[in-house]
Amino acid sequence: MASPVEVCNHCGRKVHFGSGWFVGRVPDCNPLEARIADDRPYPEGDFVCAECDSRNGDGEYADDWDGNDAGLTLENLLRVAHQVPHDSHHSNSDLLGSTGGRS
Ligand SMILES: [Zn+2]
């Protein structure tokens, strides 16, 4: 296998040691065919420079946190409002004359 082409396959910039882009370069592990299929401008390059790497990897981690908890609403509280059926009239006065039976 030939030595890796120390070129960024995005911008064609040289990333060899001393080029200024040696630090931060990322080796592209994709095969040449994949780079061509991926429409890389410089598919022969075996690396991606730091600039293109940060540009490609979309660093937009926008975590939209929607804390939308529908818990206790006033309507629910009113629904539980006092529905006590008032049973008041017990007009059944039964008087038990208890005669204590002694034996
Ligand atoms: Zn680049």
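Residues are numbered from 1 along each chain, in the order its sequence is written. Because the model is predicted, local features need pLDDT of at least 70 and side-chain atom pairs count only at pLDDT 80 or more, while totals for chains, interfaces and linings use all residues.

**Exercise 1. Work out the order of helices and strands, and check the model's confidence.**

Start with the count: the chain has 3 helices and 2 strands. These are DSSP runs numbered from the N terminus, with helices (H or I) of at least four residues and strands (E) of at least two. Next, walk along the sequence and you get β-α-β-α-α. Then turn to pLDDT, the predictor's confidence in each residue, from 0 to 100. The chain averages 78, and 61% of the residues score at least 70. Finally, look at residues 59-65, where pLDDT stays under 50 and the model has 1 contact beyond four places in sequence. A contact here is a pair of residues whose C-beta atoms, placed from the backbone, lie within 7 Å.

**Exercise 2. Is Gly45 buried or exposed, and what does Gly45 touch?**

Now count neighbours. The cut-offs are 20 or more other C-beta atoms within 10 Å for buried, 12 or fewer for exposed, and partly exposed in between, with C-beta atoms placed from the backbone. Gly45 is buried because 26 other C-beta atoms lie within 10 Å. Beyond four places in sequence, its contacts are Val5, Val7, Cys8, Asn9 and Gly12. Take Asn9: it sits 36 residues away in sequence, yet the C-alpha atoms are 4.4 Å apart.

**Exercise 3. Find the largest nonpolar core and follow Cys11 to Cys49.**

A nonpolar core is a set of buried Ala, Val, Leu, Ile, Met, Phe, Trp, Tyr and Cys residues joined through C-beta atoms within 7 Å. The largest one has 8 residues: Val7, Cys8, Val15, Trp21, Phe47, Val48, Cys49 and Cys52. Within it, pick Trp21, which touches Arg13, Val15, Cys49 and Ala50 beyond four places in sequence. Now go to Cys11, in the segment before strand 1 (26-27). Cys11 has 17 C-beta neighbours inside 10 Å, so it counts as partly exposed. Its contacts beyond four places are Cys49 and Cys52. To finish, the C-alpha atoms of Cys11 and Cys49 are 8.2 Å apart, across 38 residues of chain.

Notes:
Contact = placed C-beta atoms within 7 Å.
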